[in-house]
Amino acid sequence: MSPAYFDHNATTPLDERVLQAMLPFFRERYGNASSRHEFGRAARKAVDEAREQVADAVGAHPSQVYFVSGGTEANNLLIKGAAARLQPSQVAVSAVEHPSVIKPAQELREHGWKVKKLAVDHDGRIDRDEAANSLREPTGLVSVMLANNETGVIQDVASLAELARDAGALVHTDAVQALGKVPVNFPALNVHAMTVSAHKIYGPKGVGALILDKRLDIKPQITGGEHEKGLRAGTENVPAIVGFGAACALVASHLASNQMQMRERMDQGLHAMGAVLFGNGAERLPNTSYFAFPGIEGETLVMALDRAGYAVASGSACSSGGTDPSPVLLAMQVERELARCAVRVSLGRSNEMSQVESFLQVLQDEIFKLKRLAALAV
Ligand code: PLP
């Protein structure tokens with residue numbers, strides 16, 4: 001039996017149709033999109049078409065789409081680039097943001113900015129009242145993610161954006177995990193900027209986009225060319241951009257909503273086995289279950305499941321001193337010991353209910369074995 005892949009929030013397999021769209025741009029259509037000759041013009045046309053496909057997928061105008069190397073770069077570009085054009089004040093980011101938002105925000109301290117982490121409740125939702133309170137302080141920039149990569153919890157970005165706009169701040173949302181799983185509409189979110197990435201939507205790795213409000217002035221972080229209207233220098237990765245466009249064109253007909261039934265069965269099975277489910281009281285992505293079995297380390301369970309043929313993720317990050325519990329769970333006031341036990345299952349297009357059923361069976365056996373081992377060790 002081939003292993004079952006349950007880690008689609010980490011990355012997704014390339015859709016065959018996306019691969020087919022990309023292949024000619026590795027072979028005969030290899031022109032540089034900046035060249036004036038036929039080869040170059042063909043590449044430029046393909047990049048322009050991809051820009052339209054990305055814009056269509058998020059309800060934006062193609063002129064608002066800037067191609068970059070992925071979600072991490074888009075987040076860095078927005079935070080550092082927007083801050084560079086503003087007087088230093090407060091930058092507010094939710095406590096559960098991806099490190100590619102948290103780190104650049106923290107780096108703004110070197111430029112005189114104050115960093116405010118917006119608190120979340122026990123289910124991982126940003127506390128609106130507390131956010132309103134935090135935004136009384138002069139705030140230049142706010143970044144709140146649309147859906148969390150670990151818990152799958154969806155934030156009410158439009159309403160938080162209204163708060164931020166009232167406070168006179170620029171608002172950004174990281175929609176990397178939301179795109180392809182739930183409808184994402186740039187204008188409806190009421191933000192000035194949004195990040196998306198191709199490899200989470202069955203596209204290639206190493207390409208993403210920053211979607212920008214037309215009036216927004218951003219300082220480029222990579223200079224040395226006039227690519228992407230001078231916002232991001234560097235020869236365009238044409239095959240990857242074409243793949244990103246093709247993946248975006250497939251998004252609307254493949255939303256993860258058809259994974260909801262499997263997710264519900266997963267949650268029900270986990271609950272019946274005594275797992276603690278994180279973010280269970282909040283609206284979540286239809287593909288994500290994040291859970292823990294108290295007393296069983298997440299890393300240990302991930303390795304046991306891997307040996308049994310199931311690819312899932314733990315919530316811990318490896319560090320020199322061992323494993324650190326997930327900052328997302330700590331922000332949700334989950335006890336450190338329980339946070340260390342976190343495991344994430346993220347379903348995708350190719351998963352089937354029969355895999356969920358066999359996974360639950362295997363999980364039960366593994367939990368039983370690990371609990372017995374733990375009892376023997378006492
Ligand atoms: N933002 C979120 C919420 C993510 O989950 C990820 C990837 O895991 C990123 C940003 C980074 O995107 P990329 O891998 O394209 O750099």
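1. Strands β10 (residues 288–292) and β15 (residues 342–346) run antiparallel to each other, paired over 5 bridges. Here a strand is a DSSP run of E with at least two residues, numbered from the N terminus, and pairing takes at least two DSSP bridges. Within this pair, serine 289 faces valine 345 of β15.

2. A quick caveat: this is a predicted model, with local features needing pLDDT of at least 70 and side-chain atom pairs pLDDT 80 or more, while totals for chains, interfaces and linings use all residues. Numbering starts from 1 along each chain as its sequence is written, and side-chain values use heavy atoms, leaving out hydrogens and water.

3. Zooming out, the open sheet has 4 strands in the order β9-β10-β15-β12, paired antiparallel. Its edges are β9 (276–277) and β12 (313–314), each with pairing on one side only.

4. Now the ligand. There are 14 residues around it, and Gly71, Thr72, Asp174, Ser197 and Lys200 come nearest; "around" means a heavy atom within 4 Å. By type, the shell holds 2 nonpolar, 10 polar and 2 charged residues, with Gly counted as polar and Asp, Glu, Lys and Arg as charged. Helix α3 (residues 71–83) gives the largest share of that shell, 3 residues; a helix is a DSSP run of H or I with at least four residues.

5. For polar contacts (N or O pairs within 3.5 Å), look at lysine 200: a side-chain N or O atom is 2.6 Å from a ligand oxygen. Glutamine 177 has a polar side-chain atom 2.8 Å from a ligand oxygen, and histidine 199 also has one at 2.8 Å.

Technical notes
A polar contact is a pair of N or O atoms within 3.5 Å; within protein, one must be able to donate a hydrogen and the other to accept it, and residues adjacent in sequence count only if both atoms are side-chain atoms.
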